[in-house]
Amino acid sequence: MPYKDREISKMYYTMGEVSAMFDVNQSLIRFYEKEFDVLQPKKNKKGNRYFTPEDIENFKIIFHLIRDKGYTLNGAKDHLKTNMADTRENQRVIDSLENIKKFLLEVRDQL
């Protein structure tokens, strides 16, 4: 029975890891944290922020709305308030399509 690799996911991500994931400055993440109520990273006694996978999902949605779709900050806030469930579902579909694309490109490169 072959060994199947599984994705290892962390319970918490540091601010540096999140900024590297999205290729943005840490100040932008702190700014979005202040502007959007859905981003609530945990803080330790020292003040370091630790993001859960749910926080990463929310940041991904905010980042997509502002950077890719061109929403303003107020427009993104309003969209999240009225359409949060639909927006999360759309983001899951986008993520799965990106994974399929990545897989297909790997298969094409192996041929």
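UniProt positions are given here in the numbering used for this structure, feature names are shortened, and annotations may be inferred rather than shown by experiment. On that basis, the UniProt record, an unreviewed entry, lists "domain: HTH merR-type" for residues 12-82. The model is predicted: local features need pLDDT of at least 70, side-chain atom pairs count only at pLDDT 80 or more, and totals for chains, interfaces and linings use all residues. Residues are numbered from 1 along each chain as its sequence is written, and side-chain values use heavy atoms, with hydrogens and water left out.

**Overall architecture**

- The protein contains four helices and three strands, where helices (H or I, at least four residues) and strands (E, at least two) are DSSP runs numbered from the N terminus.
- Along the sequence these elements follow the pattern β-α-α-β-β-α-α.
- The C-alpha atoms fill a box of roughly 45 × 35 × 25 Å along the principal axes.
- Of the 111 residues, 30% count as buried; buried means under 20% relative accessible area, exposed over 50%, and partly exposed in between (1.4 Å probe, protein chains only).
- Among contacts (heavy atoms within 4.5 Å) between residues at least 6 apart in sequence, 57% join residues at least 24 apart.

**The annotated span**

- Residues 12-82 are 62% helix and 10% strand, and their end C-alpha atoms lie 28 Å apart.

- In helix α1 (residues 15-22), the buried residues are Met-15, Val-18, Ser-19 and Phe-22.
- These residues lie on the same side of α1, because they cover an arc of only 95 degrees around the axis; the arc is that of the directions from the helix axis to the C-beta atoms.
- Packing partners of the buried α1 residues are β1 (13-14), α2 (26-35), β3 (49-51) and α3 (53-68).
- Ser-19 counts as buried because its relative accessibility is 9%.
- Leaving aside residues up to four places away in sequence, Ser-19 touches Val-24, Asn-25, Gln-26 and Ile-29.

**Surface**

- The protein exposes about 8600 Å², of which carbon and sulfur atoms supply 52%; accessible areas come from the Shrake-Rupley method with a 1.4 Å probe, and for residues only the protein chains shown count as cover.
- A nonpolar surface patch is formed by Val-93, Leu-97, Ile-100, Phe-103, Leu-104, Val-107 and Leu-111, together with about 720 Å² of accessible area.
- Patches are made of residues with over 30% relative accessible area and no salt bridge, joining like charges within 9 Å and nonpolar side chains (Val, Leu, Ile, Met, Phe, Trp, Tyr) within 5 Å; a salt bridge is a side-chain nitrogen of Lys or Arg within 4 Å of a carboxyl oxygen of Asp or Glu.
- Ile-100 lies in helix α4 (residues 73-110) and counts as partly exposed because its relative accessibility is 47%.
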